[in-house]
Amino acid sequence: MTSPTQPSAPLPVNLHDFEVIAARVLPKMVYDYYAGGANDEVLLSSTRAAWDAIEIRYRVMRDVSARSWACKVLGQSLSWPVMIAPMAMQRMAHAEGELATAHAANQLATGMVLSTLSTTSVEDVSAVLKQPLWFQLYIEKDRGATKALVERAHEAGCRALVLTVDTPLLGRRERDVRNQFHLKADMPFPHLRVAAGDALVAQEATTSSLATYVASQWDASISWKDLAWLQSITTLPILVKGVVRADDAVMALESGAAGVIVSNHGGRQLDASVTTVGALPEIANAMAGRGALLVDGGVRRGTDVLKAIALGAHAVLLGRPVLWGLSAGGVDGVKQVLQLLRDEFDLAMALSGCRGVGEITSDLVA
């Protein structure tokens with residue numbers, strides 16, 4: 001007598017499904033680190049609600065039989081207006097970490113921003129990635145260490161720097177505190193000095209090792225003059241990431257930034273923050289077409305990408321869903337996530353009467 005065949009797990013049909021898989025396969029401490037937000041995590045839910053509240057006033061009878069997703073950001077050609085956001089420690093999700101993400105990015109022609117807290121070196125990622133590569137940066141107390149990283153990123157072929165400015169201290173992420181978040185001793189941190197990497201492995205009863213590291217290494221005194229200093233040591237264009245106010249966006253441009261990324265760090269810093277999509281229209285209006293404008297936070301649907309562009313962004317950064325795909329299936333998992341989002345974006349364009357990214361205009365959203 002044969003045993004009955006067990007039903008196979010349903011295939012993921014959207015980006016939300018991948019998070020369900022990730023929650024099942026990842027260790028709790030790792031999943032909570034990736035998924036968690038600050039304090040009560042109010043911003044995580046309000047962010048999604050903010051995207052959902054925007055309605056699309058679609059056009060009809062526009063002959064959308066042929067469509068193009070191509071666009072340019074900082075003069076760099078992108079095949080579609082999505083890049084992979086900088087996300088730390090991807091080898092916690094999969095043994096190949098950022099290399100798997102880069103291989104998948106190639107297959108879907110998607111640009112990538114590499115984190116300072118990457119577990120794969122910028123040189124190794126650059127050797128694999130055939131799409132635009134940007135390097136995300138924090139200004140450390142040790143300016144010499146920061147300068148060395150900038151030089152490495154330039155020499156590795158990165159085409160822009162992304163200066164994250166919303167983390168003078170790490171937000172209180174209570175999941176990490178409860179889990180006493182720490183890393184295995186053999187986790188590589190190729191962009192950190194040895195002592196700094198060791199700090200991420202240490203475990204404390206009252207906080208997380210990451211919070212301890214940030215307090216000891218990153219410079220809480222940074223100001224706009226430090227953007228000028230950063231420009232003095234590199235010819236790469238610099239985008240300022242972590243902006244949610246129009247006056248800060250204007251200040252970034254006046255201080256020489258090439259662009260702004262509207263971001264609240266995925267709801268992981270200040271839980272009472274405004275949503276990024278809520279802040280986007282005011283910032284786009286203040287920038288008035290000057291510099292590159294990107295947005296991240298809560299993007300889960302192709303319609304979100306269309307809404308972001310209609311509200312003034314040139315492109316979006318996709319974060320956590322990439323990690324869910326990575327944990328679910330490595331290269332193939334990330335590829336599926338990107339493919340689903342690109343297919344949804346293409347469909348959203350067609351159903352909205354848009355044949356190209358340039359036709360996604362402000363009158364489409366209400």
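Helix α12, residues 276–287, has twelve residues and reaches 15 Å from its first C-alpha to its last, close to the expected 16 Å, which is 1.5 Å times one less than the number of residues. Helices here are DSSP runs of H or I of at least four residues, and strands are runs of E of at least two, numbered from the N terminus.

This is a predicted model, in which local features need pLDDT of at least 70, side-chain atom pairs count only at pLDDT 80 or more, and totals for chains, interfaces and linings use all residues. Residues are numbered from 1 along each chain as its sequence is written, and side-chain values use heavy atoms, without hydrogens and water.

Which residues of α12 are buried? They are Thr 276, Val 277, Ala 279, Leu 280, Ile 283, Ala 284 and Met 287, where buried means under 20% relative accessible area and exposed over 50%, with a 1.4 Å probe and protein chains only. The face turned away carries the exposed residues Gly 278, Glu 282 and Asn 285.

Just after α12, Ala 288 takes a positive phi of about 50 degrees.

I turn now to the largest pocket. Its lining receives at least two residues from each of α1 (15–25), α2 (28–35), α3 and α14 (320–352). Of these, α3 gives the most, with four residues.
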